[in-house]
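Have the sequence and the 3D view open as you read.

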Amino acid sequence: MTEDPAGRPPDIYNVDFDAIYQGEPLVEGVKTDRPPWDIEQAQPAVKELEGAGRLFGEVLDIGCGLGDNAIFLAAQGHRVTALDGSPTAIRKAEERARAQGAEVDFAVADATELAGYEGRFDSVLDSALYHCLDDEQRLRYTAALHRVAKPDALLNILCFCDDSPTPIPDAMTVPEDNIRSTLAATGWDITDLRRTIYAGAANVGELAANVGKPAGDEGGEAVLDENGHVSIPMWVVQARRG
Ligand SMILES: C[S@@+](CC[C@H](N)C(=O)[O-])C[C@H]1O[C@@H](n2cnc3c(N)ncnc32)[C@H](O)[C@@H]1O
């Protein structure tokens, strides 16, 4: 993602995730020690979903990144397949799983295709992938999820929320209508949609200041929680395969 000198929104749908996992900066010229979503542990919101019984049976963690959510789910006794488009992320996730003795089936896959996984999953976790895709990709993605899900499967999506003050660039936030129309068009029935919080690494504030959200701007201030994480407003969506 690079800052546009003309002040236009960053090119959010052309992020080279593999380069970021190899250490390239997410925002040009802003070197950080880690991707802003890497908190080296499962997201508290994912723990809540698991505790509520919303991740069960054969679980797919799609866009799994460095694997901490998948590793947590495996530790709770779930059978987890964790897929990401970045080979570097998958290699690093496998290392983290090995170090923790966790059994997760990691593989590289394009979320908008998911060929070879048809009819496999009882429940799906999307932790911060949906908002990385443009509208056309979102349709192909949720249609692909429909193909790989079993009848009655449950889909859980965490994505950037557009209706609360946020350190995230406005162009990356998702209107509720977008989620509703995309899921309806691809055969998913929304059964719950509410707000939650995603824990970002402390560098979210620094990155935000470089994409037009300087600290102190309306909604742009990144405040650290008691664990040193930045609280990012998210939608948490539950949908049943129709
Ligand atoms: C913001 S990160 C979230 C990572 C992880 N789920 C988490 O919450 O820490 C988004 C992830 O989606 C992956 N991703 C983006 N587009 C993808 C695609 N088309 N297919 C598969 N993975 C994709 C990226 O490589 C990245 O790991």
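## Around the ligand

Sort the shell around the ligand by class and you get 10 nonpolar, six polar and two charged residues. Keep in mind that this is a predicted model. Of the 18 residues around the ligand, the ones that come nearest are Tyr21, Gly63, Asp84, Ala111 and Ser127.

With Asp84 the side chain is involved, and one of its N or O atoms is 2.6 Å from an oxygen atom of the ligand. The side chain of Ser127 also has an N or O atom by a ligand oxygen, at 2.7 Å. How much of the ligand's area does the protein bury? Taken alone the ligand exposes 590 Å², and the protein buries 90% of that.

## The strands

Start with β1, which covers residues 58-62. Five of its five residues are buried, so the strand is mostly covered. Glu58, Leu60 and Ile62 point one way from β1, while Val59 and Asp61 point the other way, and all are buried.

Which strands does β1 pair with? One is β2 (residues 79-84), which runs parallel to β1 and is joined to it by five bridges. If you want a spot to check in the viewer, Leu60 has Thr81 as its bridge partner in β2. Another is β4, also parallel to β1, with four bridges between them. Here Asp61 has Leu125 as its bridge partner in β4.

Now for β4 itself, residues 121-127: seven of its seven residues are buried, so the rest of the structure largely encloses it. β4 pairs with β5 (residues 149-160) as well, in the parallel sense and over six bridges. In that pairing, the bridge partner of Ser123 in β5 is Leu154.

## Two positive phi values

A bit of background first: most residues other than glycine have a negative phi. Ala128, in the loop between β4 and α5, has a phi near 75°, a positive value in a residue other than glycine. Asp152, which has its place in strand β5, is another non-glycine residue with a positive phi, near 75°.

His146 is found in helix α5, residues 135-148. With a relative accessible area of 17%, His146 falls under the 20% cut-off and is therefore buried. What does His146 touch, leaving out residues up to four places away in sequence? The answer is Thr186, Gly187, Trp188, Arg241 and Gly242.

Ala208 belongs to helix α7, residues 204-209. Its relative accessibility is 3%, so Ala208 counts as buried. How far apart are Ala208 and Val27 in sequence and in space? They are separated by 181 residues in sequence, and by 9.1 Å in space from C-alpha to C-alpha.

How values were computed:
Residues are numbered from 1 along each chain as its sequence is written. This is a predicted model: local features need pLDDT of at least 70, side-chain atom pairs count only at pLDDT 80 or more; totals for chains, interfaces and linings use all residues. Side-chain values use heavy atoms; hydrogens and water are left out. Buried means under 20% relative accessible area, exposed over 50%, partly exposed in between (1.4 Å probe, protein chains only). Contact means heavy atoms within 4.5 Å. A residue is near a molecule or strand if one of its heavy atoms lies within 4 Å of it. A polar contact is a pair of N or O atoms within 3.5 Å; within protein, one must be able to donate a hydrogen and the other to accept it, and residues adjacent in sequence count only if both atoms are side-chain atoms. Accessible areas come from the Shrake-Rupley method with a 1.4 Å probe; for residues, only the protein chains shown count as cover. Ala, Val, Leu, Ile, Met, Phe, Trp, Tyr, Cys and Pro count as nonpolar, Asp, Glu, Lys and Arg as charged, and the others, Gly among them, as polar. Two strands pair if DSSP finds at least two bridges between them.
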